[in-house]
Amino acid sequence: MHASQSYPAHAEHPLHADLIALSSSDGAQISVSLHGGHICSWRTADGIERLFLSPLTKWDAPSAIRGGIPVVFPQFAGRGPLPKHGFARTSQWTLIASELRANGEGFVHMTMSDTAETRSQFPFAFKLDLQANFAGASLSTALLVTNTGEQSFDFTCALHTYLAAEVPAAGTPVAGSPAAGSPAAVPSQPAILGLSTCRYENSIPADPLNFDGNGTLHITSEVDSIFFQAPATVELATSNMVMQIQQGGFEDIVVWNPWVAGTEKIGDLMPDAYQHFVCVEAATIEHPVTLAPGVQWRGHQEFLVKPIAHVD
Ligand SMILES: O=P(O)(O)OC[C@H]1O[C@@H](O)[C@H](O)[C@@H](O)[C@@H]1O
């Protein structure tokens with residue numbers, strides 16, 4: 001559908017004018033949207049964009065922003081009666097703070113509460129808070145869910161993070177494959193370390209996950225998998241960086257790349273978009289959280305980019 005369009009270099013495609021941009025004292029930056037309480041862009045202090053954001057994003061409600069860090073609440077995917085991934089990502093949020101802290105970090109805090117519209121789908125009183133701290137090569141995000149009503153409720157949720165990662169096109173000989181030439185001449189696929197011992201559910205049963213003998217998951221075809229009771233730390237390795245990803249509060253991790261056929265089915269992605277991101281989502285799916293009145297739940301996901309020369 002969009003075959004005549006080429007994918008703009010990420011640094012070149014303009015962010016929407018309504019985004020709120022803020023910087024840390026060392027020059028790291030994020031941009032957020034109150035549509036969805038959404039982190040749309042994160043640049044480390046070296047100026048490199050670390051999140052994928054589709055240039056075909058529709059910025060208006062009722063669409064969700066395609067890329068960045070969508071907030072999934074109170075339902076993950078189609079696992080319940082609500083619209084896919086719930087309503088938080090398409091709701092209007094309010095800015096509580098957007099500031100440079102005394103320690104030099106940038107800090108942003110957005111919130112949303114139940115409305116007549118959310119209560120028509122999910123008849124509970126709640127408050128969500130999305131907070132982010134960033135500086136240098138790191139970003140910390142936290143989702144807080146507070147039960148502000150008088151009845152308990154259950155929810156599933158995720159921070160559906162689209163990490164910018166160059167993925168060789170389908171059919172390209174990649175490092176380590178028999179068709180590859182000299183190692184220097186061929187690209188390497190993104191790989192995720194740390195998930196090999198997890199029980200998982202693979203939504204693409206015809207296409208088994210590509211774990212190598214060392215337990216590293218290579219992104220070489222469509223991946224849409226939930227890893228249950230995931231470890232607190234995993235790593236995403238690409239040809240030019242290693243990103244350490246930590247989480248707490250969230251029990252599960254989802255890895256998603258729609259590859260060629262999946263991308264074609266998504267109207268706000270260009271045909272080659274699968275070559276530009278891997279989603280590593282901090283999620284709670286298998287065991288919904290039951291939140292009693294007055295109680296708050298907190299889940300968090302943190303990212304630290306390590307220069308390739310400093311990989312442990
Ligand atoms: O297109 P959406 O609604 O943003 O969902 C994108 C993807 O989100 C992932 O979390 C799911 O595991 C995938 O199955 C889904 O396709």
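How do the residues of the shell around the ligand divide into nonpolar, polar and charged? In this predicted model, the count comes to five nonpolar, three polar and three charged. The residues that surround the ligand are Ala64, Ala77, Lys84, His85, His160, Ser203, Asp224, Val254, Trp256, Ile266 and Glu281. The protein chain has two helices and 20 strands. Of its 312 residues, 38% are buried. Among contacts with a separation of 6 or more, 65% are between residues 24 or more positions apart.

The UniProt annotation "active site", from an unreviewed entry, covers His160 and Glu281. The two are spread over 122 residues of sequence, yet they cluster in space, with a largest C-alpha distance of 4.6 Å. His160 sits in the loop between strand S9 (153-159) and strand S10 (162-164), while Glu281 belongs to strand S19. Buried or exposed? For His160, the answer is buried, because 24 C-beta neighbours fall inside 10 Å. Glu281 is buried as well, with 25 C-beta neighbours inside 10 Å. Setting aside neighbours within four places in sequence, His160 is in contact with Ile69, Pro70, Val72, Cys279 and Glu281. On the same terms, Glu281 is in contact with Ala158, Leu159, His160, Thr161, Ile253, Val254 and Trp256.

Strands of a sheet pair through backbone hydrogen bonds, in either a parallel or an antiparallel way. Here, ten strands make an open sheet with antiparallel pairing, in the order S5-S6-S7-S8-S20-S17-S16-S11-S14-S13. Strand S5 (94-100) and strand S13 (210-211) stand at the edges with a single partner strand each, so one side of each has no neighbour in the sheet. At the S5 end, the partner is strand S6 (residues 106-113), paired in the antiparallel sense over six bridges. Within that pair, Thr94 stands opposite Thr111 in S6.

Further into the order, S16 and strand S17 (residues 241-248) pair in the antiparallel sense over five bridges. These two strands form a hairpin with three residues between them, and Ala237 stands opposite Val242 in S17. S17 is also joined to strand S20 (residues 296-307) by eight bridges, again antiparallel. In that pairing, the bridge partner of Gly248 is His300 in S20.

A few backbone details deserve a look. Most residues other than glycine have a negative phi, and most peptide bonds are trans. The peptide bond from Phe73 to Pro74 is cis, with omega near 0°, and Pro74 is in the loop between strand S4 (71-72) and S5. Ala77 is found in the loop between S4 and S5 as well. Ala77 has a positive phi of about 50° although it is not a glycine.

Gln229 is another non-glycine residue with a positive phi, near 50°. Its place is the loop between strand S15 (223-227) and strand S16 (233-237). With 12 C-beta neighbours inside 10 Å, Gln229 counts as exposed.

Lastly, Ser41 lies in strand S3 (residues 38-43). Ser41 is buried, as 22 other C-beta atoms lie within 10 Å. Ser41 and Ala21 are 20 residues apart along the chain, and their C-alpha atoms are separated by 8.8 Å.

Note on methods
Residues numbered from 1 in each chain as written. Predicted model: local features only at pLDDT ≥ 70, side-chain atom pairs only at ≥ 80, totals over all residues. Helix = DSSP H or I, 4+ residues; strand = E, 2+ residues; numbered from the N terminus. Buried ≥ 20, exposed ≤ 12 C-beta atoms within 10 Å, placed from the backbone. Contact = placed C-beta atoms within 7 Å. Pairing = 2+ DSSP bridges. Near = placed C-beta within 6 Å. Nonpolar A, V, L, I, M, F, W, Y, C, P; charged D, E, K, R; others polar. UniProt positions renumbered as here; feature names shortened; annotations may be inferred.
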